[in-house]
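Look over the sequence and the structure shown below. The report that follows takes the parts one at a time.

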Amino acid sequence: MFSGIKTLALLVTMANSSGVIQAATKTPAATVISSSSQTKSTPDSTQKQASAPSPTLAPQPPPEDTCLKLYNKFMPNLKELWSKRAQDLRPENTDGYALVEDMTPEHCKSEDTRREVIKLLSTILNNHSGKVGVILPSGSRIYVRHMVDAFEAKAREENLDPKKIFVIIDSMAKPEKTIQALAAMVFEHKVSAIIGGTEPAEASVLRTWAPRLMIPTFLMLEPTGATPTPFVYYSYPSQKILAEAAVQANLRFGHKRISVLSPTDQHSARFVASYTDAAKKSDIAIIHQVAYDSRRFDSMEAAAKKIFRLDPSERRDDLKKLYETAKKHSEETGERFNPKMIALQPDIQQDAVLIPDNFKIVRHFAKLFGFLGVRRMPLFGHYEWRSKGLITPWDNFIAGSYFVDLQGSYQSLPAPIRMVVPDSPNLLPPDKVEQADFALLAWRAIDVPLALSQKKNELRRKLERFIPKSNNTSMEAAVGASAPITYSVENNINWSPSIFSISGKTASSGVINLIAP
Amino acid sequence: METESKLKMNVILPDANLDGSPSRRRTVIKTILRITILFVVISSIAILAIGYKWISALGVFQLDKARITTLENYNYRDNSIVFDSEQRKIGEFFDRYHVFVPYSDLPADFVNALVSIEDAQFFNHKGIDTKAILRAIIARLRSDSFSQGASTITQQLVRNTIINNEKSFERKIIEIAWALEIEKHLSKEKILELYVNIMFLGNGSYGVGAAAHRYFGKDIRQISKAEGALIAGLFQSPSRYNPAKYPERAKTRQLMVIEAMRKNRFISDKEAKAIASEKLSYKEYKYFNTQAASWFVDYIADVIKKLKNEHPMLSKNSGLRIYTTLDQNLQTLAERSIHWYDANLNDISARTGKIRDNLTGKLKNATIEASMLVTDPTNGDILAMVGGRNYQKSQFNRTTSALRSPGSAFKPIVYTEALIQGFKWSDMIYVSPINIENYRPKNMEDDYLTETTMMRAFYKSMNSPTIEIATKVGIPAIIERAKSLGLRSPLKQEFGSALGSSDVTMMDLARMYGTFANNGVLSELGSITKITNADGDLLWERRPSDSRKKKVLNEQIAYLMTQGMRAVLTSGTGAKSADLAKHAAGKTGTSNDSSDNWFCGFTPNLVSVVWVGTDEHAPIYAHASGSALALPIWDQFIRNSYLYRAPKTFERPDGIIEASIHPRYGHKIAGGARMYFLQSNQPMETSSALETIEHTSEGSYRNVFRH
């Protein structure tokens, strides 16, 4: 489209005549690029430079080798992104970024073209429009709707116009579409930050491209544990912090010997792994770890029998004693001897049992434990327990059990995303739970990107320096939905889980209580 | 008789020795004559005095006239007859088999035959036949024994009613005296009526009416001359001439009767020949009560026995006319429905537990039995009763006397109590095994790790949810509810009772299911509507309908339960008969080891309880259940009962709403199961977290960590 030197020259002329080059050369961007490439400034000094750019910078272009370094570092990325843009990306909206396509290292040889190279890079990497790019999959994903609603609510809360602040592009959860969306965000909309990546495919693309484009990117996915970069942030809570909270809860209740029942379907594998790690650090003993298939009752029964040592082959002597006692009783009293009535009593060695599965499975395990003769056993688990189904119909066996969740009381949700709480501040109707979850996640995740977008005078590639950090990852560090948002040194959002306990409300009903933080 | 003859001979002897010379001899003779006369007179006076005193001592002059009155108003023994609801005879009761026949109903030919052979001068003498007596005396003198009877019918009647049959001279004098006396007070017809109705005539029959039935299977009015002659011949010695045992002797005796009739000109020679040549066709006596509704008739006998305690006039042989509620159409249908399934039941018999044969001591398969009780829930009438598969083989009435475990057929009581206590059909239950005080009931198909609404648990007859409900509502409340719904058998205060471990009768279950069918009104079961005597005088009548009914259940709750039991047919253990659910409802029941297999079903106007099992409580293998064994019989019965009782739909009372509910999770959902609720206690939830789990591939509830 814009191939050849003649075209490039033409665009430069056009840019000059429209004052673009002048503006670009006067912007701190050119200076920052040169300073970053020529001096090793500290972040603070860089920030000072960025916040107080000198309007009298020399228009001299950098030397050729510097140009080449910059070119080699950024231009191939930009060229690749440009090449993967959507075909309907309108050239008139790219402000001459199409020149990327025609740039070659040769442009660093001539002073004039070298200036153009620097200016182009500077414009792309430093300028930003004060908008937030939202790259999410749409389709039938209702959670996306909930997230976008929360983004908009948060914007309104900050007195921003959602229609002006957000650029939303559908990734369709496909890598190629995500790249196209990213190209549009960079070349066309010049967004200040990007939020998205709720699906692994799109998150992978965004995670890869954020450092290459030096654009702050906030991923809506559980942290992967990859090496942090200054431009990739995880705005999603992790199961690790929930598992650590579960350990905190164990300590709180004095439960130091734990049996772990883990579902074979792997959906809680990360939680279990994190829990066992955290437990070890806190001197909590995992005395059993037994897997079960939650689709098969016999598998669950076998797992339960395992942790309570109810397998007759393991306790032949106990069984023999029971048999003899029953027979003796029968002979003494004349009652009919019924071997079917002989059952091993559970050998309880644990203080509590972890069941990181949904409330339904928990309820079935509770009944199964009762059936096996376990009179009382605290159970604990995670966010999948949080349902009215956990306490309805009420089973006294689960009184004293507890679980951890990323949500606190629904009543303490920020007003714009608060749900109606008909029965309990800690429970919602099932069709509202997903909305509440994603609304809160989105509400908290958009907080920093919105703040960055308002720093219009700052270089975009330096915006990451305004992201609040905190090394305090204790549960009290980010209490509640309205707590200030900070990120850890690993660039993971600091999220304070909540601990809930279950108790009997009346003889026939129970209640879920928020006990921490 | 012998003594009497000798006396008469002595009186006659002096006349036989008169002889002597003219003068002296005359004097002597005169003297002797005077002396003799004096002696004779004195002797006669003495003899007469002694005789008078002797006869007087026998009581001949002080006959108790009250006995005559008793005979005049003789209370004939008569069988009691049992009628069905259409006044058709279905049974009879007796200690002795009597069929009373008034004189006017006696065929003239029979009377002629009887009189000819027993007392040809009956209509002419005054109680005794002097000629016959003389003939008898002469015969006695000649043979030194009585070869010829001299007793008239009247005398025989005296022997069989007033005095005993002891043979002595004194008794004979008294007999004659009574015969003469009776003839003064009773007509010949009355005497004959008494005679023919009282006398034992063999084969268990008393009186000619009974004999006609027992030997020829006919009413006495219908017998032929030849048959009448045979019966007339029985009076002399019914055992000796019993045609059932000795047909040749009986025939010989009949010929004697015919000859007597001919001699007495009651029939011509030609007629006598014709009658004699007529071939007699004896009919084997069959106990009438086994012909129709055998167990029901037995049951009526038991009821009468109990009633007699309060109403002594209700004795079996007092000619009671017992009007019952039995519907013969339904009775026949009930019997046929069981027999229709015979082949299957026989097949199952090979798969029962082994029992020891009392005779051989060897192990054998227990015999499968089946029984059915049918009642009208609106008034408690027992309409049909089949106590077993074969009355000839076993008269044990399983509908009234067998105490059996109802299994899940008891469950409606548990769910009724739950609904009363505020539960509703949509309430969700986690289905897992349960252990209550070491009681660990199992679900039929080990159907665990699932969830269910209370209604689905009911119509699929799940055990563990039922026990869970029972723990919440309380066993004492369930037992009390069972009593109020009509269960009279003692129930154990244990959780097993909630699953039907306490034995009950079919009558118990009929009352209970009838209460649901009758909108919560318990109707006491009844089998007898009224009892009269043979003349139609009312002796006993059951209480009016209203006083036999009691409202024991809120009609809304009854309706909810009825709908629950309709769901048993549409979607549950009775689904094989789903098409019947439009007008019917019911519940299966299967006890441990399938020893008892039930289906208790009802329409608004009919309750039918079916049981299949063995008398020895033997286990039945091969997937036996109420659904497999009892339901088909019930289905066959109820389907055909519509011919006689037009089907009706269950009417919904006020205060009930209908909703479409998720059958497992209990929230409102389009296209769910139809459930019914009290308006004041209806489900509000429109979603369920369980459904969310069901719809996620990993079974995850919260979607937040899906990746």
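How many bridges join strand β6 of chain A to strand β8 of chain A? There are three, and the two strands, residues 257–263 and 352–354, run parallel.

## About the model

This is a predicted model, in which local features need pLDDT of at least 70 and side-chain atom pairs count only at pLDDT 80 or more, while totals for chains, interfaces and linings use all residues. Residues are numbered from 1 along each chain as its sequence is written, and chains are lettered from A and ligands numbered from 1 in the order in which they are written.

## The sheet of chain A

Helices (H or I, at least four residues) and strands (E, at least two) are DSSP runs, numbered from the N terminus. Two strands pair if DSSP finds at least two bridges between them.

## Domains of chain A

Domain bounds come from an automatic or database domain assignment. For chain A it gives domain 1 (5–126), domain 2 (132–237 + 432–467) and domain 3 (240–430 + 498–516). The C-alpha centres of domain 2 and domain 3 of chain A are 38 Å apart. Their contact takes 11 residues from domain 2 of chain A and 12 from domain 3 of chain A.

On the domain 2 side, α8 (142–157) and α18 (430–445) of chain A each supply at least two residues. The largest share, seven residues, comes from α18(A). Residues are classed as nonpolar (Ala, Val, Leu, Ile, Met, Phe, Trp, Tyr, Cys and Pro), charged (Asp, Glu, Lys and Arg) or polar (the others, Gly among them). By class, this side of domain 2 of chain A has eight nonpolar, no polar and three charged residues.

## Where the chains meet

Chain B has 27 residues in contact with 34 residues of chain A. Both β10 and α23 (689–694) of chain B supply at least two residues of the side that touches chain A, and α23(B) gives the most, with four. That side of chain B has 13 nonpolar, 10 polar and four charged residues.

Strand β10 (residues 428–431) of chain B pairs with strand β11 (residues 450–453) of chain B in the antiparallel sense over four bridges. The bridge partner of Met428(B) in β11(B) is Thr453(B). A residue is buried if 20 or more other C-beta atoms lie within 10 Å of its own, exposed if 12 or fewer, and partly exposed in between. In a regular strand the side chains alternate between the two faces of the sheet. On β10(B), Met428(B) and Tyr430(B) on one side and Ile429(B) and Val431(B) on the other are all buried.

## Nonpolar cores

A nonpolar core is a set of buried Ala, Val, Leu, Ile, Met, Phe, Trp, Tyr and Cys residues joined through C-beta atoms within 7 Å. The largest has 262 residues, and Leu182(A) and Tyr513(B) are among those that touch the most other members. Helix α21 (residues 555–571) of chain B gives the largest share of this core, nine residues. Apart from it lies another core, of 55 residues, including Tyr206(B) and Ile275(B).

## Single residues

A cis peptide bond, with omega about -10°, joins Thr392(A) and Pro393(A). Pro393(A) is in the loop between α17 (388–391) and β10 (402–405) of chain A.

Met214(A), a residue other than glycine, has a positive phi near 55°. Met214(A) counts as buried because 20 other C-beta atoms lie within 10 Å.

Key. Two residues are in contact if their C-beta atoms, placed from the backbone, lie within 7 Å.
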